[in-house]
Amino acid sequence: MSDKKYDFGLVGLGVMGRNFILNVADNNFSAFGHDLDQEKVDALIEEGGNTEKVNASSDLKTFIDALSTPRKIMLLVPAGKVVDIVIDSLIPHLDKGDIIVDGGNSFYTDTDRRDAYLEEKGIHFFGAGVSGGAKGARKGPSIMPGGDAEAYKVVQPIFEAVSAKYKGEPCVAYMGKKSAGNYVKMVHNGIEYGLMQLTSEIYDLLKKAGGLTNSELHNTYSEWNSGRLQSFLVEITADIFTEKDDKGDGDLIDKILDKAKQKGTGKWTSQNAMDLGIPVPSIDIAVSMREISALKDERILADELYNRPTPEAIDKAELTKLAEEALYFAFIITYAQGLHQLTDASKEYGYGCDLAVIAKIWRAGCIIRAALLADITEAYNDNPELKNLLLAPKFVEKVQSTVASARTLVSYAAKSGIPVPGLSNSLTYFDAYTSSRLPLNLIQAQRDYFGSHTYERLDIEGIFHTEWEKE
């Protein structure tokens with residue numbers, strides 16, 4: 001091996017890792033990869049063209065010795081124990097001042113723990129969420145680094161070069177202190193769950209109630225992607241309807257089993273929102289629907305036991321118009337919930353996140369990229385203290401003009417026996433959030449009745465208790 005020292009190291013040469021390291025090399029930084037699987041090492045070397053820009057080894061010491069100092073090592077390995085195992089294997093070979101970046105979907109508290117552990121050893125560490133899938137890793141992802149700000153500055157030129165660009169601006173920025181990077185990526189994925197659930201519900205309505213063919217669905221989603229619903233998820237949904245089955249006749253979408261899997265980030269978002277006391281029902285139900293989908297055998301049995309209403313006749317063009325407006329409404333609500341969670345988490349955990357910056361780096365490269373994010377960025381730039389997107393003046397008109405269609409569609413779906421839990425939860429959240437008076441006064445009375453939990457009053461300050469049961 002030559003004495004050349006490489007700018008950047010990466011551990012984990014699966015599809016994401018291999019594509020990311022090739023992206024680094026494409027942007028004029030030399031990169032050296034490491035994986036215990038020699039086949040993955042060989043695949044990277046072959047794809048990299050055996051140039052001076054890309055190399056790899058399955059030998060850890062060879063990998064470490066190949067890197068310039070301070071060493072900049074990124075991990076793209078499965079979240080959990082594997083990250084700790086890799087870190088422990090690296091430590092004996094590293095010098096003080098070297099940098100480790102966790103680019104996986106690690107749980108944010110694990111990132112805080114690892115940061116403290118490595119700080120004691122004089123090694124810099126930070127988490128960086130990476131979104132965009134394998135294609136994004138190769139052509140330009142959105143990157144969400146947080147934690148050790150000084151360490152990030154060392155890696156910043158590389159990350160800015162490899163990231164996606166929106167009108168020339170790199171879709172990467174420092175997210176905040178401690179585990180901010182991994183936390184922002186977690187909520188990004190929670191929003192992603194919500195948006196995917198919504199697009200699937202609208203598809204179900206258009207197919208079952210409107211009778212749209214896959215070709216018509218492709219045309220519909222393609223048209224939407226040319227308008228205000230322009231987004232990565234709407235774009236790929238349109239493409240999916242054109243894919244033919246390579247193992248039989250017909251379209252592939254009609255052959256795919258309706259059981260959706262998950263890796264945990266959506267669930268983490270939902271659980272943490274509950275810990276913070278932040279309502280994110282559009283995300284919660286998206287997680288629950290994946291769990292319901294896993295009960296395929298039980299769903300088949302239940303379908304045979306219960307009658308389902310026949311969808312009422314509806315004009316196809318009218319249904320499509322309602323669907324576009326309702327989907328736009330629900331997209332706004334889902335972003336609003338996720339960003340509300342980020343706002344409160346930033347204060348609770350001391351991240352110091354800038355919501356405008358977060359929305360800005362999501363405009364390209366990531367899975368939830370959408371035209372809507374340009375308006376969201378502007379809303380938070382106009383008011384950095386914005387508590388909820390629904391309170392932004394420019395979003396009031398957007399919501400007011402589309403909520404009626406959401407109401408009509410939820411009502412129609414309920415009468416027709418077509419489940420739209422993402423859409424209905426988005427509508428319920430909106431109605432509750434915009435209600436100055438909710439019936440929770442009764443719940444407080446009930447709690448005080450059976451448990452003496454006390455209550456507050458509208459007209460008098462203080463804490464009160466009533467002896468409800470009279471002897």
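Which residues in H12 meet which residues in H14?

1. In this predicted model, Pro 281, Ser 282 and Ile 283 are the H12 residues in contact, and they meet Ile 333, Thr 334, Gln 337 and Gly 338 of H14. The residues of this contact divide into 3 nonpolar and 4 polar, with no charged ones.

2. The axes of H12 (residues 281–293) and H14 (residues 316–349) come within 8 Å and cross at roughly 100°. Angles of 65 to 115 degrees count as roughly perpendicular, and H12 and H14 are therefore roughly perpendicular to each other.

3. The largest nonpolar core has 88 residues, of which Tyr 335, Trp 362 and Ile 376 touch the most other members. H14 supplies the largest share of this core, 17 residues. Apart from neighbours within four places in sequence, Ile 376 is in contact with Tyr 335, Leu 339, Ala 359, Leu 389 and Phe 395. A second, separate core of 31 residues includes Phe 8, Ala 25, Phe 29 and Tyr 152.

4. The count of aromatic pairs is 22. One of them, Phe 32 with Phe 63, is tilted, at 6.2 Å centre to centre and 45° between the planes. Phe 32 lies in strand E2 and Phe 63 in helix H3, so this pair ties together parts 31 residues apart in sequence. Both Phe 32 and Phe 63 are buried.

5. The ring centres of Tyr 108 and Tyr 183 are 5.1 Å apart with planes at 80°, so the pair is edge-to-face. Tyr 108 lies in H5 and Tyr 183 in H8, so parts 75 residues apart in sequence are tied together. Tyr 108 is buried at 9% relative accessible area, and Tyr 183 is buried at 1%.

6. Phe 8, Phe 20, Phe 126, Tyr 152, Phe 159 and Tyr 174 form one aromatic cluster.

Technical notes
Residues are numbered from 1 along each chain as its sequence is written. This is a predicted model: local features need pLDDT of at least 70, side-chain atom pairs count only at pLDDT 80 or more; totals for chains, interfaces and linings use all residues. Side-chain values use heavy atoms; hydrogens and water are left out. Axes are lines fitted to C-alpha atoms, for helices over the stretch in contact, and angles run from 0 to 180 degrees between N-to-C directions. Helices (H or I, at least four residues) and strands (E, at least two) are DSSP runs, numbered from the N terminus. Angles under 35 degrees count as roughly parallel, over 145 as roughly antiparallel, 65 to 115 as roughly perpendicular and the rest as oblique. Contact means heavy atoms within 4.5 Å. Ala, Val, Leu, Ile, Met, Phe, Trp, Tyr, Cys and Pro count as nonpolar, Asp, Glu, Lys and Arg as charged, and the others, Gly among them, as polar. A nonpolar core is a set of buried Ala, Val, Leu, Ile, Met, Phe, Trp, Tyr and Cys residues joined through side-chain atoms within 4.5 Å. Buried means under 20% relative accessible area, exposed over 50%, partly exposed in between (1.4 Å probe, protein chains only). Rings of Phe, Tyr and Trp (its six-membered ring) pair if their centres lie within 6.5 Å; planes under 30 degrees apart count as stacked, over 60 as edge-to-face and the rest as tilted.
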